[in-house]
Amino acid sequence: MVKVRRCGWCGEDALYVAYHDAEWGVPVRDDGELFERLMLEGMQAGLSWYTILVKRAHMRRAFFGFDPEALVSRGPGALASWLADPGLIRHRGKLEALIGNAAVTLALDEPLSHFLWRFVGGQPQQNRWRRSSQVPSATETSTAMSKALKQHGFRFVGPTTCYAFMQSVGMVNDHMLDCHRHAVCADLAAAWRP
């Protein structure tokens, strides 16, 4: 039996493998999904991504499906219960940022997808890494994205968070060249129509 080659970071854990094989690096255009992924990356700051994956389904329920309008209208009243809920990331600053970032998203004068995808020219970027040590933690592009998001009022969107977000939503294909998902994501990018 031939072993499927994957990026080393996902290891053998079923939750990580499922995320790696089905989501990570797949180009995302939907505003709601982009908002959720950006917020999850912000929640991850200082924690492992595994913690976020374990809590993600519960966060979706508690955070009104990451719907910005619901977060703005109902989030302030839910903050106390969120802080007491062990199924969530109970960090007041991150939870307040979630509500604030939802308000900023609603105030943008263009769809979130247009705003974010502009940083890569609207097209998924294809990297050709052979070793995980080649993959940067931040780039000039993620730094520019971070700066622009912060200028609009977003919080928990530093350059490293933005680069992890870009990897997650397929703005960059950072699967290793020998990973079975690299070619899949490259094909998806080739068919991408902004």
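Trainee: How much space lies in the largest cavity?
Mentor: About 60 Å³. Keep in mind that this is a predicted model. A search of the whole structure turns up one cavity of 30 Å³ or more.

Trainee: Which helices each supply at least two residues of its lining?
Mentor: That would be α2 (31-44) and α5 (92-107). The lining includes L38, M39, K94 and F156.

Trainee: And how do the lining residues divide by type?
Mentor: Six are nonpolar, two polar and two charged.

Trainee: Switching to salt bridges, how many does the structure hold?
Mentor: Nine. In one of them, the side chains of E23 and R56 meet at 2.8 Å, N to O. E23 sits in the loop between α1 and α2 while R56 is in helix α3 (residues 49-62), so the pair ties together parts 33 residues apart in sequence.

Trainee: Is R56 buried or exposed?
Mentor: R56 counts as buried, at 11% relative accessibility.

Trainee: Which residue's side chain does E23 reach with a polar contact?
Mentor: The side chain of R37, at 3.5 Å. R37 also has a salt bridge to E33 (2.9 Å, N to O). Those two are four residues apart in helix α2, so about one helical turn separates them.

Trainee: Which residues are linked with E23 in a salt-bridge network?
Mentor: E33, R37 and R56. R37 is buried at 4% relative accessibility, whereas E33 is partly exposed at 32%.

Terms used: Residues numbered from 1 in each chain as written. Predicted model: local features only at pLDDT ≥ 70, side-chain atom pairs only at ≥ 80, totals over all residues. Heavy atoms only, no water. 1 Å grid on protein atoms, 1.4 Å probe; cavity = no way out; pocket = protein on both sides within 12 Å on 5 of 7 lines; lining within 4 Å. Points joined across faces, edges and corners; volume = space filled by probe spheres on them. Nonpolar A, V, L, I, M, F, W, Y, C, P; charged D, E, K, R; others polar. Polar contact = N/O pair within 3.5 Å; in protein donor to acceptor, adjacent residues only side chain to side chain. Salt bridge = Lys/Arg side-chain N within 4 Å of Asp/Glu carboxyl O. Buried < 20%, exposed > 50% of the residue type's maximum accessible area, 1.4 Å probe, protein only.
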